[in-house]
Amino acid sequence: MTGHGRWRGTIAATLALVMAAASPARADDGYRLWLRGEAPVGPSARVTVRDETATLRLAAEELTRSLPAGIADVTLALAADPQVAALRLPTASLGDEGYLIRRVRLGQRETLLVTGNSDRGVLYGSFALLRQLATGADATRLALASSPRVKLRVLNHWDNLDGSVERGYAGQSLWDWWTLPDFKDPRYTDYARANASLGINGTVLNNVNAKADSLTPRYIAKAAALADVFRPWGIKVYLSARFSAPIELGGLKTADPRDPAVAAWWKTKADEIYRAVPDFGGFLVKANSEGQPGPRDYGATHADGANMLAAAVRPHGGIVMWRAFVYADTDPEDRAKQAYSEFKPLDGTFADNVLVQVKNGAIDFQPREPFHPLFGAMPKTPLLMEFQITKEYLGFATHLAYLGPLFTETLAARTGRGAETVADVVDGAAEHHALSGMAGVANIGRDRDWSGSTFNQANWYAFGRLAWDPTLGAEPVAREWAQQTFGTDPGVVDPVVRMMMASREAVVDYTGALGLAHVMATGHHYGPGPWVSDLKRPEWNPVYYHRADRGGIGFDRTRSGSDAVAQYAPALAKRLADPATTPERELLWFHHVGWDRRMASGKTLWEELVAHYDRGVAAVGTMRASWDALRDRVDAERWGKTATYLAIQQREARWWRDASLAYWMSVNGRALPAGVAAPAHDLAWYKAQLFPHAPGHPE
Ligand code: GCV
């Protein structure tokens, strides 16, 4: 898509009637996401495209549609274009996907040049230009250059072929598998456009709990149709592969990766996929985890499995993303240790087109987890960060929880090896890996507003922006999102950003602070269930994680316990081994401590925990009040839905607090500190609450 000079088109943006600058009163159903760029109102801008590719044409259309008045002349051109090359701009360092925006003289004209080494770079540059203008940048002074620090910036859809979405809270799957490949819903284009605006360049279409059917010719054709829509937006399609597919589809007796017939089956399958999707990205695999088949079923290693698939896609330039989210009911080891124990010894044995995909924490997307000890521990293997954008453990679609701080907290964490951060490991800088990646479990569905709420859109946005550059801060990203979503009025943006920045900590506080984790109800994971102790596998029970008893609470992960701290680099392990040098926010993750332990605040642990619950509930009250004050400054539709959801959140925050306190008191036999409100009901009442048919948990 990079040929140039064949066509020179000029698209003049006309002064058609347009939606004037964002008016708060205007109805808005949220469909436009952060791409609300209003069409021009001033004299027409000239957008000149100096090379013809489908991608450049899309970039030009974006600008033509959304450039505000005052930008008179924009040129989109590849860096290799002779006229651009003659300018000797510093484009070499942009790499494949970077962009550069400069005011230049091209021929006889003063123009704002958007250039890159590929048309994707120019597309990203065009979106960056619009983002800058939408967030108040001065067009006359614009000079930008940026390249993605992470190569693979990928959404993981946990979408099932029957249209349901595992842990999806925004309606049915966006993919209408039934009418594909014939009907290409225009939403597929809008989805790709939204992703491209952030620099997301890949999407895994189906759930990691995969069905082999997605690899049948019928479904390959459907995936190919989506790939055709996404291609000009720079987005590659990937598939989750079911490891036992050679048995289920191929009639083989085994899926043992060391069996040549199995390897041959996968090779033939890969060839078939690439005939339909020439730029197919590759496979994502969940193996030997939560009932999924895998190489361990045959005594082979995860590397054996990954490398076999890697060999099948290698001739086509494909890659394999192999998940490290493994834990086994047959393994009595602390669940938090199992992935490290299984994968660390395999460092150096993976093929060079394999990335090991590691969740941000060692358990499972909890409101707060210490970073996964594998980051920094497998220097010979590119580790792809997996975040969950959908809020399985942070209140589903209804709770306002901006995940920027969760993402950046993990990315900025020091691994304990000098100044190295998790972001250095993920972007490949630490070990100079050729491949690097970040995956986000998507929160996208068929809901009109895509993500179930306006503020959930910010999590999709933050994931994309931080995948491009993990060093961007959560706050600036929140601000630019808010400006594009609600307009640049600081009277709206400032309170919105404050709400966002406090929101995740509020969820931590009202669901269980100080390092508590996995205290939610069974199955659907909706609401509190710290009392649950009757599930088949020990590590499915909240009591396994909090270990509360009359004397204290928390999981001892020091040498006297599971010694999970030893999986971190020595300098960090040493700090985490001592409660006194463990950050209080992670205390109960690493230590079992007495209820009377004195905390930094001077309170006992019990008093401190109670205070966190109250703080969380109060923070939701503050968010509600802030939002109420914006009633006349935000369009009625988005304001109303958000206000209703905040009311739900306030009710549920109180429920979390009350149920948890009722349970902790039943365990520790303590009274609440003076002046603290008693739970509204007794423990039996909370335990009796049942929620069949909760979303995101297909039965
Ligand atoms: C796709 C958690 C979720 C599961 C999910 C799993 C995973 O356990 O509850 O729904 O399965 O993580 O990441 O594979």
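## A tour of selected sites

Start with Asp119, which is buried yet has no salt bridge. The nearest side chain of opposite charge, Arg120, is 4.6 Å away, and a salt bridge needs a separation within 4 Å. Keep in mind that this is a predicted model.

Next, select Leu180 and Pro181. Is the peptide bond between them cis or trans? The bond is cis, with omega near 5 degrees. Most peptide bonds are trans. Pro181 sits in the loop between β7 (152–156) and α4 (186–198).

Move on to Phe365. Find Phe365 in the loop that runs between β12 (354–359) and β13 (383–388). Its phi is near 55 degrees, a positive value in a residue other than glycine. Most residues other than glycine have a negative phi. Phe365 is buried, with a relative accessible area of 3%.

Then select Phe396. Phe396 lies in the loop between β13 and α10 (404–411). Here, too, look at the backbone: phi of Phe396 is near 55 degrees, a positive value. Phe396 is buried, and its relative accessible area is 7%.

Finish with two helices. Select α12 (residues 454–468) and α13 (residues 474–486). At what angle do their axes cross? The axes of α12 and α13 cross at roughly 130 degrees and come within 10 Å. That angle makes α12 oblique to α13. The crossing of α12 and α13 is right-handed.

Technical notes. Residues are numbered from 1 along each chain as its sequence is written. This is a predicted model: local features need pLDDT of at least 70, side-chain atom pairs count only at pLDDT 80 or more; totals for chains, interfaces and linings use all residues. Side-chain values use heavy atoms; hydrogens and water are left out. Buried means under 20% relative accessible area, exposed over 50%, partly exposed in between (1.4 Å probe, protein chains only). Lys and Arg count as positive and Asp and Glu as negative; His and the chain ends are not counted. Axes are lines fitted to C-alpha atoms, for helices over the stretch in contact, and angles run from 0 to 180 degrees between N-to-C directions. Helices (H or I, at least four residues) and strands (E, at least two) are DSSP runs, numbered from the N terminus. Angles under 35 degrees count as roughly parallel, over 145 as roughly antiparallel, 65 to 115 as roughly perpendicular and the rest as oblique. A crossing is left-handed if the near helix is turned anticlockwise from the far one by less than a right angle, and right-handed if clockwise.
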